[in-house]
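Below is a short note for a colleague. The points cover helix packing, the nonpolar core and some backbone details.

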Amino acid sequence: MDGHTHTELCPHGSGEATDKMVQRAIQLGMQRYCITEHAPLPPAFRNQYEGTLAGYTEASLRLDQVDDYLALANELKVKYAGQIEISVGFEVDFLPDHVAWTRDFLNTYGPQTQESILSVHFMRGRHDHFWPVDMTTDDFSAGFGQWLSTPQQVFEHYYQTVLASVQTDLGPYAPQRIGHMSLVRKYQDYFNLNEPLDANNLELVDQILALIKQQHRQLDLNLAGLYKPFCNDFYPGEQILKRAQKLGIPMIYGSDAHDIVSVGRGYHLIKKLIKG
Ligand SMILES: [Zn+2]
Ligand SMILES: [Zn+2]
């Protein structure tokens, strides 16, 4: 299955037809396909956001696109029933000061979804504002430059945010899967952030994983990072994967495809990753 994919409505995607993405998944022999478009950001988040404008305006669907998105995804679900089982959901951003808004959003649209992902794409940085973790290297250094000489500090800020995300009650439609848990390493080969997590950060990771286990949630085994020029590794990376496996946390493959050719990319690798 492919557990993490985007659609033609994604503002930072390729715009390629979602229908063709589904056809590619069928061609690859997938039996399940999760459509998990970026849920809209809370309007008030704009006041806390700093960084390239596109990092905010193109991060997600707009609220006025949500109905179109659900219609598109459900249409494909019906069209391809019998060939592939499609689930519909959102990739939801965790934003610590907008939990009530996010819970309301999920309560409103959750009944129309089956599977969603909870991700941290923004974290608090310079000026106490929120900056995008995965937008550009420029935004990354502008937002988090003060910690870059000590990579463990960057990791700690990220994993504190991820910990808060799994400690937060997002209501009955809370996403069941935690997205690309090591996204903070997207630019690791650019900023020299490729060292392993130290004992302090591993303890944070263990707290996160213990909660994921206790809550019967899953981890996104997201291969998109392997193909990013400055990441060159899968998310969540070997250190976290091993600890998650020890706990028996389900790992769900996700391509994070925003275009046709990325659907199912690296899928054959996951058997090795999961065994190793
Ligand atoms: Zn995206
Ligand atoms: Zn994501």
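At what angle do helix H6 and helix H8 pack, and how far apart are their axes? The points below start from that pair; the model is a predicted one.

1. Geometry of the pair. Helix H6, residues 151-167, packs with helix H8, residues 199-214, at an angle of about 15 degrees. Their axes are 9 Å apart. Because angles under 35 degrees count as roughly parallel, H6 is roughly parallel to H8. The crossing of the two helices, H6 and H8, is left-handed.

2. Residues in the contact. H6 contributes Gln152, Phe155, Glu156, Tyr159, Gln160, Val162, Leu163, Val166 and Gln167. From H8 come Asn200, Asn201, Leu204, Val205, Gln207, Ile208, Leu211 and Ile212. Sorted by class, the contact of H6 with H8 holds 10 nonpolar, 6 polar and 1 charged residues.

3. Nonpolar core. The largest nonpolar core of the model has 67 residues. Tyr33 and Tyr158 are the residues with the most contacts inside this core. H6 supplies the largest share of the core, 6 residues.

4. Surroundings of Tyr33. Leaving out residues up to four places away in sequence, Tyr33 touches Met1, Asp2, Thr5, Val22, Ala25, Ile84 and Ile86.

5. Cis peptide bond. The bond from Tyr235 to Pro236 is cis, with omega near 10 degrees. Pro236 lies in the loop between strand E8 (218-222) and helix H9 (237-246).

6. Positive phi at His127. This residue is not a glycine, yet phi of His127 is positive, at about 60 degrees. His127 sits in the loop between strand E5 (122-124) and strand E6 (130-132). Is His127 buried or exposed? A residue is exposed if 12 or fewer other C-beta atoms lie within 10 Å of its own; His127 has 11 C-beta neighbours inside 10 Å and therefore counts as exposed.

7. Positive phi at Asn192. Asn192, also a residue other than glycine, has a positive phi near 60 degrees. Where is Asn192 placed? It is in the loop between helix H7 (188-191) and H8. Asn192 is exposed, because 11 other C-beta atoms lie within 10 Å.

Terms used. Residues are numbered from 1 along each chain as its sequence is written. Chains are lettered from A and ligands numbered from 1 in the order in which they are written. This is a predicted model: local features need pLDDT of at least 70, side-chain atom pairs count only at pLDDT 80 or more; totals for chains, interfaces and linings use all residues. Axes are lines fitted to C-alpha atoms, for helices over the stretch in contact, and angles run from 0 to 180 degrees between N-to-C directions. Helices (H or I, at least four residues) and strands (E, at least two) are DSSP runs, numbered from the N terminus. Angles under 35 degrees count as roughly parallel, over 145 as roughly antiparallel, 65 to 115 as roughly perpendicular and the rest as oblique. A crossing is left-handed if the near helix is turned anticlockwise from the far one by less than a right angle, and right-handed if clockwise. Two residues are in contact if their C-beta atoms, placed from the backbone, lie within 7 Å. Ala, Val, Leu, Ile, Met, Phe, Trp, Tyr, Cys and Pro count as nonpolar, Asp, Glu, Lys and Arg as charged, and the others, Gly among them, as polar. A nonpolar core is a set of buried Ala, Val, Leu, Ile, Met, Phe, Trp, Tyr and Cys residues joined through C-beta atoms within 7 Å. A residue is buried if 20 or more other C-beta atoms lie within 10 Å of its own, exposed if 12 or fewer, and partly exposed in between; C-beta atoms are placed from the backbone.
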